[in-house]
Amino acid sequence: MIHADVAIVGGGVIGCSIAYYLALAGQKVVVLEREHLAAGASGVAAGMLAAQVEAPFTNPFFDLTVQGRAEHAPLAEQLRADVGLDVECRTTGILRVASTESERVDLQRTLKWQSARGLRGEWIEPQHLGECEPLLAGVAGRLLAGGAWFPDEAQVRGPRLVQALAAASVKRGARMLEGTWALGFSTAGERVTGVRTPAGTLEADTYVLAAGVWSPDLVRDLGLELPVGPVKGQIATLRALNQTLRQVVWSGDCYLVPRVDGQVVLGATQEDGNYDARPTLAGIGALSEAALELLPWAGQLVLEGVWAGLRPAAPDRYPIVGRAPNCRNLFLATAHFRNGVLLGPLTGRLLANHILSGTESAELRPFGLARFAP
Ligand code: GLY
């Protein structure tokens with residue numbers, strides 16, 4: 001079998017981002033993916049680059065997400081020039097509408113502390129919501145409490161980003177082994193010596209585990225307990241036949257993400273502990289109800305598809321990234337929860353740099369597995 005510099009388990013946005021930055025640096029990379037690229041959570045992600053809208057307070061994770069958002073536009077340009085794929089990175093902004101007084105208070109507090117950090121955001125009174133999003137004109141009164149407008153939030157097409165990262169990696173000699181199950185790691189002392197697959201053992205100098213919700217199963221034999229489980233998310237892909245939204249509109253219960261080609265993504269449920277990655281009538285029904293409540297216009301959208309993915313989540317909902325505690329040449333990159341697409345490129349760049357230089361970045365230091373040590 002092949003011998004690689006780095007073997008990465010998982011062909012989602014995290015695995016392919018790491019592969020891309022390693023391949024750029026001249027490393028011989030192999031990615032093992034049990035289904036096809038972006039078959040897991042990355043393929044279902046709405047692709048919002050939302051650092052501000054969900055941040056309740058400032059902390060190292062918030063800093064990471066703001067930095068993560070900034071990686072996307074230059075990367076999209078690089079990928080377009082490199083492999084000719086447009087990942088549709090667009091700064092459309094996000095309008096977070098408040099339906100209750102308590103949401104209004106929380107969002108205004110968010111705007112205040114973010115403004116003190118130099119981040120843009122603006123409060124919009126209910127009667128002016130229609131100026132920000134014309135489709136809210138006339139219905140905004142029902143929303144009562146106004147909205148927070150975050151002009152620098154952006155979006156990208158998640159599955160296409162994965163394809164572009166993979167294509168750019170392959171162009172530099174990386175190999176994408178789709179349909180290849182990783183069964184586990186072989187070790188000798190404190191080192192991993194191979195990834196076992198049904199077709200044999202793949203050897204590399206360094207290994208990365210980026211297998212989303214399946215990551216814990218692959219390292220249990222090594223004595224590593226990864227506290228990662230699924231938070232299932234269901235979405236519906238819809239199509240606007242004439243007019244569409246100007247930006248992402250987000251309420252407490254759903255979000256609507258307009259694409260350039262008229263597609264609108266309606267998301268997403270959050271179902272803790274559910275490993276069944278199939279959409280359900282109840283899930284899609286709840287999203288439809290929330291969308292119609294937010295925006296009656298949504299009733300005319302054509303339903304094109306329903307999807308579900310399993311977001312990998314740690315108990316604190318922060319990623320687990322860095323060197324595995326008991327294996328010198330194994331790195332972990334999982335548990336990105338709702339932020340895989342947002343943080344993929346930054347995680348890829350910083351982790352590739354850690355692998356190559358041996359020095360962990362200050363930004364990723366708070367997100368090691370060690371934080372769960374007793
Ligand atoms: N990033 C949005 C979601 O996971 O639903």
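A salt bridge here is a side-chain nitrogen of Lys or Arg within 4 Å of a carboxyl oxygen of Asp or Glu. Keep that in mind for the close-ups below, which all come from a predicted model.

**View 1. Asp217 pairs up with Arg220.** The closest N and O atoms of this salt bridge sit 3.2 Å apart. Asp217 is partly exposed, at 44% relative accessibility, and Arg220 is partly exposed too, at 40%. Elsewhere, salt bridges with shared partners link Glu88, Arg157, Arg160 and Asp261 into one network. In total, the model has 22 salt bridges.

**View 2. Ser215 is tucked away in helix H7.** This helix covers residues 215-219. Ser215 has 0% relative accessibility, so it counts as buried. A polar atom of the Ser215 side chain lies 3.2 Å from the backbone nitrogen of Ala211. Leaving aside residues up to four places away in sequence, Ser215 touches Leu209, Ala210, Leu226 and Thr334.

**View 3. Arg120 and Asp152 join two loops.** In this salt bridge, the closest N and O atoms are 2.8 Å apart. Arg120 lies in the loop between helix H4 and strand S5, and Asp152 in the loop between strands S6 and S7, so the pair ties together parts 32 residues apart in sequence. Asp152 is partly exposed, with a relative accessible area of 24%.

How values were computed. Residues numbered from 1 in each chain as written. Predicted model: local features only at pLDDT ≥ 70, side-chain atom pairs only at ≥ 80, totals over all residues. Heavy atoms only, no water. Helix = DSSP H or I, 4+ residues; strand = E, 2+ residues; numbered from the N terminus. Buried < 20%, exposed > 50% of the residue type's maximum accessible area, 1.4 Å probe, protein only. Polar contact = N/O pair within 3.5 Å; in protein donor to acceptor, adjacent residues only side chain to side chain. Contact = heavy atoms within 4.5 Å.
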